[in-house]
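Q: I have a model open and I'd like to learn how to read the links between its side chains. Can you take me through them?

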Amino acid sequence: MARHGELPSPSPFGFVLKLVGIIAAVVLVSGAGVAAYAATDLTTSFTEDAVELEGQGAVPPDIGAIEGGVDVLLVGTDECEPEFAHIFGDRCTGADADGQLNDVNMLVHISDNPRRVTVVSFPRDLMVPIPSCTREDGSTTSATSKTQINEAWSFGGLSCVAKTIKELSGQNIPFAAKVSFGNVINITDAIGGVDVCIGNGGIKDKYTAINWPAGPRTIQGVEALQFLRTRHGLQNGSDLARISNQQQYMSSLARKLVSDEVLSNPATLYKLAATAVDNITPSESLTNPMTLVQIALAVKDVPFEDIVFVQYPVLTDPADVNRVVPDYDSATELWAALAANEPIEVTHDQELTGGVIVADPQPTEAPADPAPTATADPSATPAPSETAVALPDNIPGQNAAQQTCSAGNVRSNG
């Protein structure tokens, strides 16, 4: 099996940004509470000098969920920020310290009613056409027929990444945001860590300084970076396996963010929202904070089963076994299901990803006094049942209700 990305381990910044992209994605889909606090934080500087009219209290905006479906692109860039550069050594002291790559590319698709959320991750090693893009100075770049997707940023920043993924996916992308890697530590600290599961006897990876035993583990701060960066510590050792392992984190993070532990704690919510907002550079279309609230209102009641994280389908690049190319046929089935707003089912065997294994279900206690079963009204029209669309078996992923464990590798990799 080709181990995509099995080259000298890329800079830690790329992996850090993967986590920040994940966090930003889940924050956007985690409910109205987070977005409302984010809106407050965003508007503080604008309203701090406003004059209060005597006898008039604050009037909350009369807003509802954003209408129709919507797509939000979240891009994480590999860059050296002074505050965190010391953590990553040579990457920020060498000749490439000023360079930026879009190592995280996640398309968050929010359907129209009934509301569903699908987060599509595009592997950084994906070879795709990059269209002609306009740089900030007004100059234009030449289109390419085959370039690694994480180079799109260098062709024209956030706009070029959005244009590249729009042409690849065929999806309209009205909203986009660039996130910086620094808030990974701050966010995991803000919510008190994320619970993950380590399987296969544990994880040992000298490249990320991990040597963890098997079992449940709450990770935050630097440990969260280590977890999201590891691929040598996984059974398969590939970048695609790492994406599957990250989806375990994403699902757990989604559950944590909408738990009473976070949503019922105003102090935690405010700290989380302020941290996220301070590290996001939005497209102009996202600069109105009420838009974030509208997006959150659209998905605040989406059940975990309908929040699905998938990897864009790929094939091994015939020109380079360490790279991948789009599987357009499988992708067409994915986009068609999203366009039809049909529930989707991941059929890929998670045990084959090399990144995760299926977790044993945890026993639950039956309630002491179960509520009586409601009697159906015979005159009522039964709600139509929806049959999920089975995705092609080369599209790995999981929904936020599923629990998996890292497919650890405790063999020495050094």
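This is a predicted model: local features need pLDDT of at least 70, side-chain atom pairs count only at pLDDT 80 or more; totals for chains, interfaces and linings use all residues.

Q: Where do Y312 and W335 sit in the chain?
A: Y312 is in the loop between β10 (307-311) and β11 (314-317), while W335 belongs to helix α10 (residues 328-339). They are 23 residues apart, so this pair links distant parts of the chain.

Q: How do I describe a pair of rings in general?
A: You give the distance of the centres and the angle of the planes. For Y312 and W335, the ring centres are 6.4 Å apart and the planes are at 35°, so we call the pair tilted.

Q: Which residues form a cluster through ring pairs?
A: F122, Y312 and W335 are linked that way.

Q: How many aromatic pairs does the structure hold?
A: Three. One of them is F227 with Y249: their centres are 6.4 Å apart with planes at 35°, so this pair is tilted. F227 comes from helix α5 (residues 222-229) and Y249 from helix α6 (residues 239-257), 22 residues apart.

Q: Are F227 and Y249 buried or exposed?
A: Both F227 and Y249 are buried.

Q: Now the sulfur links. How many disulfides are found in the whole structure?
A: The search turns up two. To spot one, look for a pair of cysteine sulfur atoms within 2.5 Å.

Q: Which parts of the chain does the pair of C133 and C160 link?
A: Distant ones: C133 is in the loop between β4 (127-130) and β5 (144-148), and C160 is in helix α3 (residues 152-169), 27 residues apart. The angle about the S-S bond is 70°, and the link is right-handed.

Q: Are C133 and C160 buried or exposed?
A: Relative accessible area tells you, and under 20% means buried. C133 has 3%, so C133 is buried. C160 has 1%, so C160 is buried too.

Q: What about the disulfide of C197 and C405?
A: Here S to S is 1.9 Å. C197 lies in strand β7 (residues 194-205) and C405 in strand β17 (residues 404-406), so the pair ties together parts 208 residues apart in sequence. With 75° about the S-S bond, the link of C197 and C405 is right-handed.

Q: What are the relative accessible areas of C197 and C405?
A: C197 has 21% and is partly exposed, whereas C405 has 8% and is buried.

Definitions and conventions
Residues are numbered from 1 along each chain as its sequence is written. Side-chain values use heavy atoms; hydrogens and water are left out. Helices (H or I, at least four residues) and strands (E, at least two) are DSSP runs, numbered from the N terminus. Buried means under 20% relative accessible area, exposed over 50%, partly exposed in between (1.4 Å probe, protein chains only). Rings of Phe, Tyr and Trp (its six-membered ring) pair if their centres lie within 6.5 Å; planes under 30 degrees apart count as stacked, over 60 as edge-to-face and the rest as tilted.
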